Amino acid sequence: MLRIIRASCFIVICMLLSLSVAAQDNVSPLLDMLKLVPDNEQTHAGVPLVSYADYRAIEAARGIDAPLTKADFDNNTDKASLWIAATSGVMSGMPLNYFVQYLDGMQTAVGFSWFDVDRALTFGQPPSTGNILSLSGGFKAEVAVNTFEARNYTIENRDDVRVLCGPSGCDKGLELNLENRNPSNPFGGELGRDEPVALLPNNVIANSADYAVLSAILDARQGKEPSLADNPAVQAAVNVIAGEGTLRQVQFFNGADVGNYGDIVATDVPESDQPDYLPTYSLAFFADTYNADNQSAVVGLVYEDADSANIATALLVDRLQMAQSMVTNQPFMGMIEDRGGNIASAAVETDAATGKFIALLGIQYPMPPNEKQDGKFMASSLVFKLLIDSIYRRDAIWLAADFTAPQ
């Protein structure tokens with residue numbers, strides 16, 4: 001009975017808090033990069049659909065306002081230690097598995113350094129992942145061209161874009177050559193690949209080992225095929241995220257890739273104890289934002305109608321409070337609270353530009369201090385990291401939706 005009352009109260013609150021989110025006057029950096037992501041079947045096969053990180057925002061959140069260098073890390077300076085703490089919860093954008101190698105040799109391998117990368121967006125399914133990098137004003141395209149030509153790359157022109165193709169051609173980027181392995185090269189170097197790379201205007205680089213994916217990126221840029229920036233559900237999500245603080249990172253997922261737990265519920269939970277399913281959602285997103293004093297992990301589910309979004313918002317709170325991790329056997333809310341988090345908001349946002357409704361849950365926790373505690377800097381984004389880890393471990397059953405319902 002208490003659960004029903006609590007859910008009803010949240011439905012009323014959500015209806016009262018329903019807001020209209022106007023379309024943004026200025027294109028956000030995220031939406032600008034999404035214009036290069038083709039909205040096709042191959043992109044939607046990726047898990048996540050899109051993964052985006054803003055490294056300058058990640059640094060700014062912790063007061064890092066000067067460029068770092070390899071020497072900072074070699075000398076273990078406080079600035080380098082703070083950067084490591086700031087990025088400890090980064091789960092999005094380009095993987096940092098080879099960060100040390102990037103510091104050692106990325107400039108030599110590709111003609112620019114890791115710290116020239118302001119933002120990164122990845123999409124698609126390996127090995128056909130697409131990468132889009134937005135580089136700082138210090139990037140020199142001619143230096144990159146000369147560096148690749150020294151590796152026997154050739155240049156193809158596609159409209160106003162130069163495409164750098166490996167010695168065997170742009171269509172051979174998926175071929176492995178472990179004798180050519182160079183982890184300092186972020187474009188397939190860990191596997192010895194000579195992947196094609198496109199130099200776009202405004203210091204943007206696009207890359208994929210799969211030349212068909214890179215070609216689709218260039219076609220999306222020219223409007224020859226739709227991009228995710230044209231997708232109403234993605235547009236609505238980007239518009240809503242813009243009102244939640246400064247964005248550090250975000251991941252978008254097709255709804256079924258997050259909420260389809262039918263196999264687990266059906267086999268592991270008695271029918272009488274099965275949780276109320278969330279209404280089926282088309283898109284889910286998990287955003288990591290901050291303001292002056294706090295950081296937030298924002299969960300959003302995109303719906304076509306207000307009723308489903310209202311029901312989902314109430315159930316999200318209810319189910320998160322009762323969720324038990326199948327991995328750690330701990331209450332999920334307890335793990336959030338251990339990281340200083342609490343549910344700060346639960347509302348339905350209406351995007352006026354697209355007519356979509358977003359069930360939005362905000363989990364707030366304190367911004368770590370920029371001073372050492374017990375000899376070390378505290379890490380950022382830990383609640384966001386917890387949420388993303390739970391998605392990939394299939395440990396977020398509180399997000400289960402009724403994907404058996406008619407679509």
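In the predicted model, Tyr-281 is classed as buried, with a relative accessibility of 2%. Tyr-303 is likewise buried, at 2% relative accessibility. In total, 16 aromatic pairs were identified in the structure. One of the pairs is formed by Phe-148 and Tyr-153, whose ring centres lie 4.9 Å apart with an angle of 65 degrees between the planes, an edge-to-face arrangement. Phe-148 has a relative accessible area of 2% and is therefore buried; Tyr-153, with a relative accessible area of 5%, is also buried.

Tyr-281 and Tyr-303 themselves form a ring pair: the centres are separated by 6.2 Å and the planes meet at 75 degrees, so the geometry is edge-to-face, given that angles over 60 degrees fall in this class. Tyr-281 is located in the loop between α12 (262–268) and β10 (283–290), whereas Tyr-303 belongs to strand β11 (residues 294–303); the pair therefore ties together parts that are 22 residues apart in sequence.

Further aromatic contacts join Phe-73, Trp-83, Phe-99 and Phe-115 into a cluster through ring pairs. A contact between a charge and a ring is also present: the charged end of Arg-394 is placed over the ring of Tyr-261, at 4.5 Å from the ring centre.

With regard to open space, the largest pocket has a volume of about 740 Å³. Its lining comprises 28 residues, and Pro-95, Thr-122, Pro-126, Thr-129 and Asn-131 are those nearest the pocket centre. By residue class, the lining of the largest pocket consists of 15 nonpolar, ten polar and three charged residues.

Technical notes. Residues numbered from 1 in each chain as written. Predicted model: local features only at pLDDT ≥ 70, side-chain atom pairs only at ≥ 80, totals over all residues. Heavy atoms only, no water. 1 Å grid on protein atoms, 1.4 Å probe; cavity = no way out; pocket = protein on both sides within 12 Å on 5 of 7 lines; lining within 4 Å. Points joined across faces, edges and corners; volume = space filled by probe spheres on them. Nonpolar A, V, L, I, M, F, W, Y, C, P; charged D, E, K, R; others polar. Phe/Tyr/Trp six-rings, centres within 6.5 Å; stacked < 30°, edge-to-face > 60°. Buried < 20%, exposed > 50% of the residue type's maximum accessible area, 1.4 Å probe, protein only. Helix = DSSP H or I, 4+ residues; strand = E, 2+ residues; numbered from the N terminus. Lys NZ or Arg CZ within 6 Å of the ring centre and 35° of its normal.
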